[in-house]
Amino acid sequence: IYTGNGGTQAITGTGFKPDLTWVKSRNINYDHQLHDSVRGAGYGLISNNTGAQTFYNTITSFDSNGFTVDANSYIGTNASGKTFVSWNWKAGGTPSINTDGTITSIVSANQAAGFSIVKYTGNNTAGATVAHGMDAVPELIIWKGLTSVSGWKVYCNQFTSPTTQVVELQASAAVSTNTVFINGTAPSTSLITLGAYGDTNASGQDIVTYCFTSISGYSKVGTYSGTASANSITTGFEPGFIMIKRTDSAGNWVIMDSARGMGSNAYALLPNLTDSESGGWNTAFTATGFTISSAEAWINASGGTYIYLAIKEN
């Protein structure tokens, strides 16, 4: 977490050189902005809308212990006196060209952490494949087209029918049926299969994907049912970050983290909305997972079905 200065500022303390930096203003309504080392510092994507990537140049570099922000007329990452949170992931540093799939990909992968960033150009061919570099089956995959207006598509192996269902990061809608975006084929330990589908494989469209898989004691892609009362979810470690989405009904995406505070007044931000953070979410991290003690429909409605990504703080 940091406070903006309206100019240039080095944000430090990550303990590593990030490959993906996601920044959100905490006390003003402004966009979520995502930058990664594969696309290059400065090129932002906005999780709460469908727009193409833009060279905002608000994150000007990824540094050995964090990143540098520049106001550059964009208040969403460094407005003077405003507060911000950044979530940072380490992939594999300098990306490499991977020709294992039928589409050549540019990959930065951290196999130990179960995370990779993949960039490729679509060909609108059903059954085309792209290498993801993780040497493990991705359990959560997030896609975004870079050069045109297109929805964020999210695959999760915890869906009732993972190969034919999808949700969108910029939307609150429940899971929907889509038999073509991954051609009805589950990802493998090396490849992601694509359908002839615009948002994940439009001809000539540059596309980025963020891939995650569970690593024992470090990260977990999971699911749970809501109880509308005290609800304990086991991850096998104490998280520092959780992202939750209700799948059986409409509900906003929700992110909570240890840096902004957990417990009876836990603070949440919503990846599909520009809203500033809200408190009172009554969610706590434990040594083996997290507990939810409220009946908030977006994270704990009775009988509701939810997916989540939990990551242990570095």
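This is a predicted model: local features need pLDDT of at least 70, side-chain atom pairs count only at pLDDT 80 or more; totals for chains, interfaces and linings use all residues.
Me: What should I know before I start?

Reply: Residues are numbered from 1 along each chain as its sequence is written, and side-chain values use heavy atoms, without hydrogens and water.

Me: Is threonine 14 buried or exposed?

Reply: Buried means under 20% relative accessible area, exposed over 50%, and partly exposed in between (1.4 Å probe, protein chains only). Threonine 14 counts as buried because its relative accessibility is 13%.

Me: What lies 2.6 Å from a polar atom of its side chain?

Reply: That is the backbone oxygen of phenylalanine 16. The backbone nitrogen of glycine 66 lies 3.2 Å from a polar atom of the threonine 14 side chain.

Me: How do I read a nonpolar core, and which residues touch the most other members of the largest one?

Reply: In soluble globular proteins, nonpolar side chains tend to be buried together. A nonpolar core is a set of buried Ala, Val, Leu, Ile, Met, Phe, Trp, Tyr and Cys residues joined through side-chain atoms within 4.5 Å. Here the largest has 32 residues, and Trp89 and Tyr210 touch the most other members. A second, separate core of 19 residues includes Ile233 and Phe285.

Me: Which value of phi does asparagine 57 have?

Reply: Its phi is positive, about 60°, although asparagine 57 is not a glycine. Asparagine 57 is partly exposed, because its relative accessible area is 26%.

Technical notes
A polar contact is a pair of N or O atoms within 3.5 Å; within protein, one must be able to donate a hydrogen and the other to accept it, and residues adjacent in sequence count only if both atoms are side-chain atoms.
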